[in-house]
Every structure is written in structure tokens, then in C-alpha cells.
Amino acid sequence: MAKSAWGIDASHSSIDFSIRHLMISKVKGTFHTFEANVNADADDLTTADIELSIDLSSIDTRNADRDAHLRNADFFDVENHPKLIFKATNIVKTGAGEYDVTGDVTLHGVTKQETFEVTYEGASKDPWGNQRAGFSAKGKIKRSDYGLTYNAALETGGVMLGDDVAISLELEAVKA
């Protein structure tokens with residue numbers, strides 16, 4: 001099939017993360033505002049052009065004070081670095097509907113290459129005749145790689161925040 005333009009249906013998609021807290025649990029959060037430019041054959045992503053942009057000010061950890069702290073200069077510094085950008089550079093099919101999608105992640109003024117495991121969940125037409133495709137993705141980044149090093153030592157040993165941030169995406173794309 002030929003490549004087509006696809007948009008993300010944000011009302012049927014999510015971008016979530018989790019990070020270790022106090023060495024004993026994980027805190028989860030989500031980003032509510034994001035967009036993507038995708039030019040792809042949904043049945044074969046190996047030639048896709050993918051760029052995803054996340055509005056970091058849309059972070060939601062279900063705690064307003066923590067969200068405000070994450071937006072300030074200790075963490076994301078959204079005043080100077082308002083977005084996380086992912087631009088795919090290499091896509092390798094690893095199995096039926098399975099891909100390793102490698103790309104440049106730009107966060108907090110730093111660009112690093114990261115790889116995410118992506119699963120093509122299938123396609124169908126909605127009741128209005130629009131072609132839709134679903135994708136799941138997961139990966140992990142080290143926040144210190146992006147200069148996000150705020151932390152505090154714990155009296156019992158260890159640190160308040162882990163370095164690894166697990167990221168998961170559930171995306172529903174609509175063919176333009």
C-alpha cells in the first residue's frame with residue numbers, strides 16, 4: 001500500500017509515564033495535549049515518517065502542587081522548553097505487527113536517540129466512514145540524559161526519584 005497522512009485522535013489516545021518514588025513505589029502521570037504528523041502505510045510502518053509533539057505543560061499526576069513543580073525549572077522548565085519532540089529515524093519490523101521505532105527525542109534542550117517497541121493493533125472504519133488504526137508503544141528513558149537531575153537523598157538510603165521513566169502510548173490514528 002501507499003503511504004497516507006494520518007492524524008492522532010487525542011480523545012481516543014493517551015501518553016502515560018511512571019517513575020520510581022521513594023524507592024518503594026511508582027508515581028504515574030499523563031500528558032493531555034499532544035499531536036503527531038504521520039505519513040505511513042498502517043500495515044507496514046518501516047517506511048513511515050513520524051513526528052510526535054507533547055505539550056509538557058499538560059502534565060497531570062493527580063496532584064496540582066507536584067504538577068506545578070514538574071513544570072518549573074527544577075524539572076521540565078516549560079517556560080524555556082515547552083515541548084517534548086520525537087522524530088522517528090529508523091523503523092525495524094521485529095514480528096507480525098511489531099516494530100522497534102528509533103528516533104530523536106528532544107527534551108529540556110537535549111536530543112538523544114531512543115527506541116520504543118510499537119505494536120500495530122489493527123485497523124477499521126468508524127461509523128462515519130473514516131479509516132482508523134491503533135498502535136501501542138512502550139519504552140524507557142533516563143531523565144538524567146536530558147539534564148533532569150533534581151533529586152533528594154533519603155535518610156534511609158537511596159533517592160527520592162528514580163532515573164528511569166517508563167513511557168507508554170495508546171494511539172488511535174485517523175487517515176486524513
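**Aromatic pairs and the core**

Author: A search of the whole structure, which is a predicted model, finds five aromatic pairs. Rings of Phe, Tyr and Trp (its six-membered ring) pair if their centres lie within 6.5 Å; planes under 30 degrees apart count as stacked, over 60 as edge-to-face and the rest as tilted.

Reader: How is the pair of Phe-17 and Phe-31 described?

Author: A pair of aromatic rings is described by the distance of the centres and the angle of the planes. The centres of Phe-17 and Phe-31 are 5.5 Å apart and the planes stand at 40 degrees, so the pair is tilted. Phe-17 belongs to strand 2 (residues 14-21) and Phe-31 to strand 3 (residues 25-31), 14 residues apart; strands are DSSP runs (E, at least two residues), numbered from the N terminus.

Reader: Are Phe-17 and Phe-31 buried or exposed?

Author: Buried means under 20% relative accessible area, exposed over 50%, partly exposed in between (1.4 Å probe, protein chains only). Both Phe-17 and Phe-31 are buried. Ring pairs also join them with Phe-76 in a cluster.

Reader: Which residues have the most contacts inside the largest nonpolar core?

Author: A nonpolar core is a set of buried Ala, Val, Leu, Ile, Met, Phe, Trp, Tyr and Cys residues joined through side-chain atoms within 4.5 Å. The largest has 45 residues, and Phe-76 and Leu-107 have the most contacts inside it. Strand 11 (residues 161-175) gives the most to this core, with six residues.

Reader: What conventions apply to these values?

Author: Residues are numbered from 1 along each chain as its sequence is written, and side-chain values use heavy atoms, without hydrogens and water. In this predicted model, local features need pLDDT of at least 70 and side-chain atom pairs count only at pLDDT 80 or more, while totals for chains, interfaces and linings use all residues.

Key. Helices (H or I, at least four residues) and strands (E, at least two) are DSSP runs, numbered from the N terminus.
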